[in-house]
Amino acid sequence: MTPYEWVRDSFFGLAGLGLLYGLYCGFYRLLAYLATVPLIGGLLLWKLTAMLMLTTMGMVVISSLLTSLSTLYYSYDLKFLMKAPLDLRTIFVDKSLESIFFLVVDDRLVLVPYVSALVLINGLGWKFFVAFVVLMAPFLMLAAAVGVAFTMIVLYLFPSSRTRDVIWVFVEPVDDLGVWLDPFRPARKAHPPDALRVVADYLNFLQAPTAPYLPSWWLTKALSSLAGHHYEIFWHYALLLFAAAAVVYGLLVWLAGRIYFAGYSGAQEGPCAAGPWSSSLCPRAAGFRARWPRCSGASARPSFAT
């Protein structure tokens, strides 16, 4: 690296750390105030956490559409990997995990200062933070799998490089809008709506699950159970997160074996995208629908000896 690159990277690195520290200070003041509310302070903290996790899951799904589009279809090394003696699912696993990694180190870091403030306010200790980091892996994988599956299906049905432009045009404004609204939505929803002015109804509102069938609630319930020393409930939701992530990702890999290469070939607008594909031009395409001009035959690549 040149001296200019060192200075540039150091400047942006310090700016990122400063942003995270500013978020930590803001979250700490908010959570410290909510913790002082009599009777319902603890409920407010976990209701806010559930809202934040739900918003984060939605943002991960939207961000995974863009990230998976870049890593799975337009990464610079794919032209080499597609010609290498590698199984198609192996390539997909490598690039999809790379996509999930980019999601983790991107805007999902905003959860780190929030959880740090939550740990300090409640005196939960380092074990709680470690559990949060471990459970974030299946949580992010479940959310990212939805975006990856949607991207694969869209590029399979509309195999063209112009599909990339359409996805960017429609998803990027939604993603930017979500980034701006991300810090405000949980705080706004933490206040009772007009119909819940009665104290009993408000308590029911705070105690009610927030999207109980989504991984965001499973993560929140696991963390709150760990904070309350309810270890049986914690392990139940922790195992549920890991089991769901394994099943969903396994189905995603199976789906990729059938439609991933079709979308990749169409997105590149190579010789197979112009019309009916011959097996000599497209050795790895297989199992495509009859209404699309696709190759027929096995999805596995012919042996190099042949």
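This is a predicted model: local features need pLDDT of at least 70, side-chain atom pairs count only at pLDDT 80 or more; totals for chains, interfaces and linings use all residues.
Where is Arg8 found? Arg8 sits in helix 1, which covers residues 3–35.

Residues are numbered from 1 along each chain as its sequence is written, and side-chain values use heavy atoms, with hydrogens and water left out.

## The overall picture

The protein has eleven helices and zero strands. Here helices (H or I, at least four residues) and strands (E, at least two) are DSSP runs, numbered from the N terminus. Following the sequence gives the pattern α-α-α-α-α-α-α-α-α-α-α. Of the protein's 306 residues, 42% count as buried. Buried means under 20% relative accessible area, exposed means over 50%, and partly exposed lies in between (1.4 Å probe, protein chains only).

## Helix 1

Back to Arg8: with 33% relative accessibility, this residue counts as partly exposed. The side chains of Arg8 and Asp9 are joined by a polar contact of 3.1 Å. A polar contact is a pair of N or O atoms within 3.5 Å; within protein, one must be able to donate a hydrogen and the other to accept it, and residues adjacent in sequence count only if both atoms are side-chain atoms.

Leu23 also has its place in helix 1. Leu23 is partly exposed, at a relative accessible area of 26%. Between Leu23 and Val110 there are 7.5 Å from C-alpha to C-alpha, although the two are 87 residues apart in sequence.

## Helix 2

Helix 2 spans residues 41–73 and holds Thr55. Thr55 is buried, with a relative accessible area of 9%. Its side chain reaches the backbone oxygen of Met51 at 2.9 Å.

Ser63 lies in helix 2 too, and Ser63 is buried at 5% relative accessible area.

The expected span of a helix is 1.5 Å times one less than its number of residues. Helix 6 has a kink of about 30° at Met136, shortly before the proline Pro138. The bend at a residue is the angle between axes fitted to the seven residues ending there and the seven starting there.

## How helices cross

Axes are lines fitted to C-alpha atoms, for helices over the stretch in contact, and angles run from 0 to 180 degrees between N-to-C directions.

| Helix pair | Axes come within | Crossing angle |
|---|---|---|
| Helix 4 (residues 88–105) and helix 6 | 10 Å | roughly 120° |
| Helix 2 and helix 6 | 7 Å | roughly 45° |
| Helix 2 and helix 5 (residues 111–122) | 12 Å | roughly 165° |

Angles under 35 degrees count as roughly parallel, over 145 as roughly antiparallel, 65 to 115 as roughly perpendicular and the rest as oblique. With axes crossing at roughly 120°, helix 4 is oblique to helix 6. With roughly 45° between the axes, helix 2 is oblique to helix 6. Helix 2 and helix 5 are roughly antiparallel to each other.

A crossing is left-handed if the near helix is turned anticlockwise from the far one by less than a right angle, and right-handed if clockwise. The crossing of helix 4 and helix 6 is right-handed, and so is that of helix 2 and helix 6. Helix 2 passes helix 5 in a left-handed crossing.

Helix 10 has 13 residues and reaches 18 Å from its first C-alpha to its last, close to the 18 Å expected. Helix 10 is mostly covered, with ten of its 13 residues buried. Among them are Trp217, Trp218 and Leu219.

His229 follows helix 10, in the loop between helix 10 (215–227) and helix 11 (231–268). His229 has a positive phi of about 65° although it is not a glycine. Is His229 buried or exposed? His229 is exposed, with a relative accessible area of 56%.
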